[in-house]
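Keep the sequence and the 3D view open while reading.

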Amino acid sequence: MRVIGTVGLPGSGKGELAEVAREAGIPVVTMGDIIREECRARGLDPATDHGKIAKALREEEGDDAIAARSLPVIEDHLESNDVVVVDGLRSGVELDRFRDAFGDEFVLVSVEAPFEMRADRLTDRGRDESDTDVEALKKREARELDFGMDEAMERADVVIENTGTLDEYRETITQLFEAGPDAVTETAE
């Protein structure tokens, strides 16, 4: 059993990592989906209220609220799968929650890329307003860093610099899944 978590700023490539996992038959638990589900439960639009609800959940249920809500979903997948990907950690507190739950079987991968490259990717993706507005992206990043994302990134077990081609990045991800974290050469120190 192995649980692979991902952390990274918007546009770094976490979604592509999750897509490669799905293509390989590896279940993916997306922490943002937990927030989007809560937005809908509260009658709010996930596209415009995602950040507000992420903050509200942390205030109402603790800083590890989204991780805590993700645990039962991950555990269900582990009943029939050797590997599960958890997409989108946002803080050291969430990292601690997963390490407490899964111990050495939890591996955190930080996906990183320069701001300009990430902004271009997000403009191409165009999922929501903060994807196409550079100032909105900067505010979104500041909010996520306020959650403690920088601490989680610093504590990652593996760092993947996603600055090459899409094919190169997908190959690195495939190596991660097939051969494990040691096969990915950019190990955090």
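A crossing is right-handed if the near helix is turned clockwise from the far one by less than a right angle, and left-handed if anticlockwise. The model examined here is predicted.

## Helices α1 and α10

Helix α1 spans residues 14-23, and helix α10 spans residues 166-179. Their axes lie 10 Å apart. The packing angle is about 55°. That makes α1 oblique to α10, because angles of 65 to 115 degrees count as roughly perpendicular and those under 35 as roughly parallel. The crossing of α1 past α10 is right-handed.

Which residues of α1 meet α10? They are Lys14, Glu16, Leu17, Val20, Ala21 and Glu23. On the α10 side, the partners are Leu166, Tyr169, Arg170, Ile173, Thr174 and Phe177. By class, the residues of this contact are seven nonpolar, one polar and four charged.

## Helices α3 and α4

Helix α3 covers residues 46-61, and helix α4 covers residues 65-78. The two axes come within 8 Å and cross at roughly 85°. This makes α3 roughly perpendicular to α4, because angles from 65 to 115 degrees count as such.

From α3, the contact uses Ala54, Leu57, Arg58 and Glu61. From α4, it uses Ala65, Ile66 and Arg69. Four of the contact residues are nonpolar, none is polar and three are charged.

## Val109 in strand β4

Val109 sits in strand β4, residues 106-112. Is Val109 buried or exposed? Its relative accessibility is 0%, so Val109 counts as buried.

Leaving aside residues up to four places away in sequence, Val109 touches Ile4, Gly5, Thr6, Val7, Leu17, Ala156, Val158, Ile160 and Leu176. One of these, Leu17, is also among the α1 residues that meet α10. Val109 and Ala156 are 47 residues apart in sequence, but their C-alpha atoms are 5.6 Å apart in space.

## Arg90 in the β3–α5 loop

Arg90 is in the loop between β3 (83-89) and α5 (92-102). Its relative accessible area is 16%, so Arg90 is buried. The cut-off for buried is under 20%.

The Arg90 side chain reaches the backbone oxygen of Gly88 at 3.0 Å. Beyond four places in sequence, Arg90 touches Lys14, Arg58, Glu144, Phe147, Gly148 and Met149. Lys14 is in the α1 contact with α10, and Arg58 is in the α3 contact with α4.

Conventions: Residues numbered from 1 in each chain as written. Predicted model: local features only at pLDDT ≥ 70, side-chain atom pairs only at ≥ 80, totals over all residues. Heavy atoms only, no water. Axes fitted to C-alpha atoms, helices over the stretch in contact; angles between N-to-C directions. Helix = DSSP H or I, 4+ residues; strand = E, 2+ residues; numbered from the N terminus. Parallel < 35°, antiparallel > 145°, perpendicular 65-115°, else oblique. Contact = heavy atoms within 4.5 Å. Nonpolar A, V, L, I, M, F, W, Y, C, P; charged D, E, K, R; others polar. Buried < 20%, exposed > 50% of the residue type's maximum accessible area, 1.4 Å probe, protein only. Polar contact = N/O pair within 3.5 Å; in protein donor to acceptor, adjacent residues only side chain to side chain.
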